[in-house]
Amino acid sequence: MFWRISGVVGMRESKKVSEHNLYRLDIRLRVMFLAIGLLVMLSLRPWIAKQTYIRGGIFYNAGMYKKAIRYFKKSIILAPAYGCANLFLASSYEELGNYPEAIKVYLSYMKIVPQNPQIYYFLGSLYATRYKNYVKALGWFDVAIKVDKKYWEAYLWRGICWELLGRPDLAIASYQQMKKAFPRDRRIDGFIQEVKVKMQKRLR
């Protein structure tokens, strides 16, 4: 009788141990699949961010800037350093006339990718075209050129800003610096000549 009872107890204990092991295995499997899922999600984030940005671009091109902003923001959440999404988000705010918010986006993106000269160029363009603040615009164009010595548009706008500020001498100096960076570009000679002609007309 004792051996029978002992055998039953042993079977129960063995069953408990087996159930406990299965429970531990189940938890391990869940953790493993969760980890695999997270890894897959992380690996897909850049792709999802790009697809989300593309959707935003469709609304942007259609002039539906508020809807575009939603997608660009989602894209940035997935990939904060995604340049296109950041720049088009700022541009969307500009198109809506919300310039302070556009500046915030540029400055935020600048902290993540400070070596991108486009940020400084677009900030300069915003201050020059939207605020007509040519002095502040010049500062940003200067930074863009420091980051990228071959930023043609930044050189051009810097010369234009000096002209608009009534400093044709500094505009010519800026174009001459541009000519050193692009010695084969004959258009720059035209810019310099145009400013000189304007100066001569003023002296008459």
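The model is a predicted one, in which local features need pLDDT of at least 70 and side-chain atom pairs count only at pLDDT 80 or more, while totals for chains, interfaces and linings use all residues. Residues are numbered from 1 along each chain as its sequence is written, and side-chain values use heavy atoms, with hydrogens and water left out.

Select C84, which is partly exposed at a relative accessible area of 35%, and then C161, which is buried at 0% (buried means under 20% relative accessible area, exposed over 50%, partly exposed in between, with a 1.4 Å probe and protein chains only).

Next, select helix α7 (residues 152-164) together with helix α8 (residues 168-181), which pack at an angle of about 165 degrees with their axes 7 Å apart (helices are DSSP runs of H or I, at least four residues, numbered from the N terminus; axes are lines fitted to C-alpha atoms over the stretch in contact, and angles run from 0 to 180 degrees between N-to-C directions). That angle makes α7 roughly antiparallel to α8, a word used for angles over 145 degrees, as roughly parallel is for those under 35. Contact means heavy atoms within 4.5 Å, and among the residues making it are W152 and Y155 of α7 and P168 and L170 of α8.

How values were computed
Helix = DSSP H or I, 4+ residues; strand = E, 2+ residues; numbered from the N terminus. Parallel < 35°, antiparallel > 145°, perpendicular 65-115°, else oblique.
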